[in-house]
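Here are my notes on the model you sent over.

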Amino acid sequence: MNATRISIIVLILLFGVTAVSPTLAKKDPPAVNDEGMELVENSELATVYADPGADLSIYNRIILLDATVAFKKNWQRHQNRGNPLKVKDRDMVKIQEEVAKTFREVFTKELVDAGYAMAQEPADDVLLVKPAIVDLDVIAPDIQDSTRTRSFSRSAGEMTLNLELFDSVTDDKIAKATDRKRDVDRGYLQWRNSVRNQADARRMMTKWAKALTATLDQARTSARPVAD
């Protein structure tokens, strides 16, 4: 088996095992998507498409784009229903900015700690990573107002990552993965503030970041020639 095929298989396995919800997988997704990428049916826990001709082992540096962040449909309406502490549009913008900032911090740290340099310009050894957080559901957001209202919940909530990997020079898409994470239900109510919510979000994002770095590491290892 050549290094190209091994790189993609490693990517598929790692992103597959990090997912947590079978609801993400479509029952009958097409074998080849409209981008010509192949579906890998390795796991019921994630939807993964990959270009079987790509080679992840050539990348030593990363361009990490800012994560776009979108809330779960009708999240604001559901939060404000019967709640005297209303979530305003500016509160949502603040949460989106904090989530994107945390995502960049987490991924940058994991990549740099693993020996990958962060790049600003395209090059032959640069992988472009495009993340999007969708269906963000913060169960008990920390909304600041003049009162001393506290929010409680058994879980911080959930979010889904759509991650796309591109060759930075050719702009060819190498792979795309979708993975949902939900904070553990602790079985009891816990006071929620921005610090605690951010810590829980960071834990979920760290699992994604470690999956990406492990994928790149394994691709490099698989591409090395075997000594006689």
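The points below go through the conventions, the pocket, the strands, the aromatic pairs and some backbone angles.

1. Ground rules before anything else. This is a predicted model, so local features need pLDDT of at least 70 and side-chain atom pairs count only at pLDDT 80 or more, while totals for chains, interfaces and linings use all residues. Residues are numbered from 1 along each chain as its sequence is written, and side-chain values use heavy atoms, with hydrogens and water left out.

2. Start with the largest pocket, at about 470 Å³. A pocket here is an open set of points on a 1 Å grid over the protein atoms alone, where a 1.4 Å probe fits, with protein on both sides within 12 Å along at least five of seven lines. The volume is the space filled by probe spheres set on the points, and points are joined across faces, edges and corners.

3. What lines it? The largest pocket has 25 lining residues, and Ile95, Glu98, Val138, Ser194 and Asn197 lie nearest its centre; a lining residue has an atom within 4 Å of a point. Two or more residues each come from helix H3 (89-113), strand E6 (126-138), strand E8 (157-167) and helix H4 (194-223). H4 gives the largest share, eight residues. Helices (H or I, at least four residues) and strands (E, at least two) are DSSP runs numbered from the N terminus.

4. The lining's make-up is 12 nonpolar, six polar and seven charged residues.

5. Next, have a look at strand E9 (residues 173-182). Seven of its 10 residues are buried, so E9 is largely enclosed by the rest of the structure; buried means under 20% relative accessible area, exposed over 50% and partly exposed in between, with a 1.4 Å probe and protein chains only.

6. Which strands does E9 pair with? Pairing takes at least two DSSP bridges between two strands. E8 runs antiparallel to E9 over nine bridges, with Leu165 facing Ala175 as bridge partner. Strand E2 (residues 47-50) is also antiparallel to E9, over four bridges; there Tyr49 sits opposite Lys176 and Thr47 opposite Thr178.

7. E2 has another antiparallel partner in strand E1 (residues 38-39), over two bridges, where Leu39 stands opposite Tyr49. In a regular strand the side chains alternate between the two faces of the sheet. In E2, Thr47 and Tyr49 point one way and Val48 and Ala50 the other, and all are buried.

8. On to the aromatics: the count is two pairs, where rings of Phe, Tyr and Trp (its six-membered ring) pair if their centres lie within 6.5 Å, and planes under 30 degrees apart are stacked, over 60 edge-to-face and the rest tilted. Phe71 and Trp75 are stacked at 4.4 Å centre to centre and 25 degrees, and both are buried. Phe103 and Phe107 are stacked too, with centres 4.2 Å apart and planes at 15 degrees. Those two are four residues apart in H3, so about one helical turn separates them.

9. Finally, some backbone angles to check. Asn74 has a positive phi of about 65 degrees without being a glycine, and is partly exposed at 31%. Asp135, in E6, has phi near 55 degrees and is partly exposed at 38%. Asp171 takes a positive phi near 65 degrees in the hairpin of E8 and E9, which has five residues between the strands.

Conventions
Ala, Val, Leu, Ile, Met, Phe, Trp, Tyr, Cys and Pro count as nonpolar, Asp, Glu, Lys and Arg as charged, and the others, Gly among them, as polar.
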